[in-house]
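The sequence and the structure come first, and the reading follows.

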Amino acid sequence: MESTKKNLYTADATAVGGRSGHVRSATGIVDLDMSVPEGLGGKKGATNPEELFAAGYASCFQQALLVIAQRADDKLDPATEVKCSVTLFQEGEGYGLSAVLDIDLKSFDHDKTIDMVRQAHKICPYSVGTRGNMEVELKVQGETIPLAPEENAGVAEKGGVTA
């Protein structure tokens with residue numbers, strides 16, 4: 001069976017010095033000092049991996065919503081917001097991440113918004129990439145959307161391992 005996978009884009013970045021270092025993308029557009037989050041003793045004026053992940057996930061999820069709307073011949077309100085919170089946690093000796101996406105489409109009714117958010121969660125590359133690896137909670141205007149186990153592996157048991 002032939003693969004239908006088609007590489008569309010590859011981003012390259014280099015980190016030096018870990019959480020207290022510096023990151024730079026190959027294009028030079030991202031060129032930032034890094035720090036442990038300020039609340040954990042880090043310095044002001046520097047970003048951290050969780051903040052960058054949250055920004056990327058929010059942007060990517062909003063693009064997935066735009067695709068879903070376009071497929072349905074709808075348009076998103078320009079004021080549509082996707083807020084993403086990424087939490088760094090420690091569990092035993094290891095560390096992990098979880099994310100909460102809170103979406104406000106502004107112009108659709110509640111049921112249609114929930115349906116669009118669920119569809120976007122199926123196609124968003126960040127959602128696809130994290131499925132089975134980290135817990136992701138979806139909210140619409142602050143209200144949690146219940147997810148089926150297959151929609152979010154952070155809640156489901158998969159292959160005998162509870163994520």
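In which hand, left or right, does α1 pass α2 in their crossing?

## Basis of the reading

The model is a predicted one, in which local features need pLDDT of at least 70 and side-chain atom pairs count only at pLDDT 80 or more, while totals for chains, interfaces and linings use all residues. Residues are numbered from 1 along each chain as its sequence is written, and side-chain values rest on heavy atoms, with hydrogens and water left out.

## The crossing of α1 and α2

α1 passes α2 in a right-handed crossing, a term that applies if the near helix is turned clockwise from the far one by less than a right angle, anticlockwise being left-handed. Helices (H or I, at least four residues) and strands (E, at least two) are DSSP runs, numbered from the N terminus. The two axes come within 8 Å and cross at roughly 115 degrees, where axes are lines fitted to C-alpha atoms, for helices over the stretch in contact, and angles run from 0 to 180 degrees between N-to-C directions.

On the α1 side, Tyr57, Phe61, Ala64, Leu65, Val67, Ile68, Ala69 and Arg71 meet Met116, Val117, Gln119, Ala120, His121 and Ile123 of α2, contact meaning heavy atoms within 4.5 Å. The residues of this contact divide into eleven nonpolar, two polar and one charged; here Ala, Val, Leu, Ile, Met, Phe, Trp, Tyr, Cys and Pro count as nonpolar, Asp, Glu, Lys and Arg as charged, and the others, Gly among them, as polar.

Not counting residues up to four places away in sequence, Leu65 touches Leu76, Val82, Ile103, Leu105, Met116, Val117 and Ala120.

Tyr57, which lies in helix α1, counts as buried at 0% relative accessibility, where buried means under 20% relative accessible area, exposed over 50% and partly exposed in between (1.4 Å probe, protein chains only). Leaving aside neighbours within four places in sequence, the contacts of Tyr57 include Cys84, Ala99, Leu101, His121 and Val136. Tyr57 and Pro125 are 68 residues apart in sequence, yet 8.6 Å apart in space, C-alpha to C-alpha.

## Salt bridges and positive phi

The count comes to five salt bridges, each a side-chain nitrogen of Lys or Arg within 4 Å of a carboxyl oxygen of Asp or Glu. Among them, Arg24 pairs with Asp31, the closest N and O atoms being 3.4 Å apart; Arg24 is partly exposed at 40%, and Asp31 is partly exposed at 39%. Another joins Glu81 to Lys83 at 3.9 Å between the closest N and O atoms, with Glu81 partly exposed at 36% and Lys83 exposed at 51%.

The side chains of Asp104 and Lys106 meet in a salt bridge of 3.1 Å, N to O, with Asp104 buried at 17% and Lys106 partly exposed at 42%. Lys106, in the loop between β5 and α2, also has a positive phi, near 70 degrees. Asp73, in the loop between α1 and β4, has a positive phi of about 55 degrees although it is not a glycine, and Asp73 counts as exposed at 73% relative accessibility. Most residues other than glycine have a negative phi.
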